[in-house]
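Subject: Handover of a structure

Hello,

Here is the structure for you to take over. Please open it first, then read the notes below.

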Amino acid sequence: MKRRRFNKNQRRKISIFVRCIIISFIAWTLIAVSNKYTVTLKTGIEYVNIPEKRAFHPLQSDTVKVRVKMSGWDMLFSKFNPDSSNLQVDLSNLKNRNFIVFSNQLGFINRQFPANKQVTHVSPDTLYFDFSKQTQRKVPVKVPYNITFRKQYGITGETKANPEYVTITGPLEDVANIEFLETDTIRGIQIQTDVRTVANINRNQRTNITIYPTIAEIVIPVGELTEKVIEIPLKIENARKFTSVRTVPSKVTITTLVSLKDYNKWSARDFEAVVDLESWVEDGVTSLPVILTQVPDFCKIIKIEPQNVDFFVRK
């Protein structure tokens, strides 16, 4: 098929047409991103200025919808960098009533947003609260962690939090259900020395509970580990109905990872290995599996030899 060729005049007209389209598109885009738009964002809420002597239950969800007026540019940038912070709600007016009206707090709310974003409405507009007796209680602090260690290193002792307990204040029925509070997760990669840090106490969305103190100093002991081989005598369970029971062998050998500084601390008396004759009586097994029922903290079992033992029973 013969290819059509454009003359110089036609190419000039096509070039002008394409330029007009590009300029029109750029102009339309600039106008579009310069216009103001109203978008609705869903966000969590955080209570501030809580009355000291009043404990409360929110009677609605802990999320609200916020209507925000912003330019097209800001709306475009917010798509790539969404704001995950919570909306703060001032509860100082709860001293003499049981509800908060967002439309009366728009000034306070807009101070939490950049000047180029304006909050025009929050839905629901009114939050209601149920008040109850306030109480205090001390609960322990637990420290979750997600840590990887260098080869032959690991945790060698109990994780310590300072303080070990925090005081929580709030409605009696809510405080009574809290057995402990966790800190933020402690993270680390290829660790080989003690972890020492400060972590926030996580209230786990309990917005009507106050915590004191709100941070804790954390120490996680880390040290070098080494293998230790220990021979343990076997104990036999559920053998009373028989005249005698003997296992072959009568001892098992375990290989465990222990802290290098505690190598001489652990011995056979710190471990316990048993076999249960019930598995033979009920299931007729021909060998008994070895079960470790006692292992010291921070000792990791690598191997048990043998894992099953033969036995002789005299009825």
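Two strands count as paired if DSSP finds at least two bridges between them. Helices (H or I, at least four residues) and strands (E, at least two) are DSSP runs, numbered from the N terminus.

The model is predicted: local features need pLDDT of at least 70, side-chain atom pairs count only at pLDDT 80 or more, and totals for chains, interfaces and linings use all residues. Residues are numbered from 1 along each chain as its sequence is written, and side-chain values use heavy atoms, with hydrogens and water left out.

Look next at β16. Strand β12 (residues 165-171) runs antiparallel to β16, and three bridges join them. Thr169 has Thr210 in β16 as its bridge partner.

Four-strand sheet

Here the order is β4-β1-β3-β6. This sheet is open too, with mixed pairing. β4 (87-90) and β6 (118-123) are the edge strands; each has a single partner strand, so one side of each lacks a neighbour in the sheet. Neighbouring strands are turned by 40° against each other on average, direction ignored.

β6 pairs with strand β3 (residues 63-71) in the antiparallel sense, over five bridges. Opposite Val66 stands Val122 in β6.

Best regards

Key. Axes are lines fitted to C-alpha atoms, for helices over the stretch in contact, and angles run from 0 to 180 degrees between N-to-C directions.
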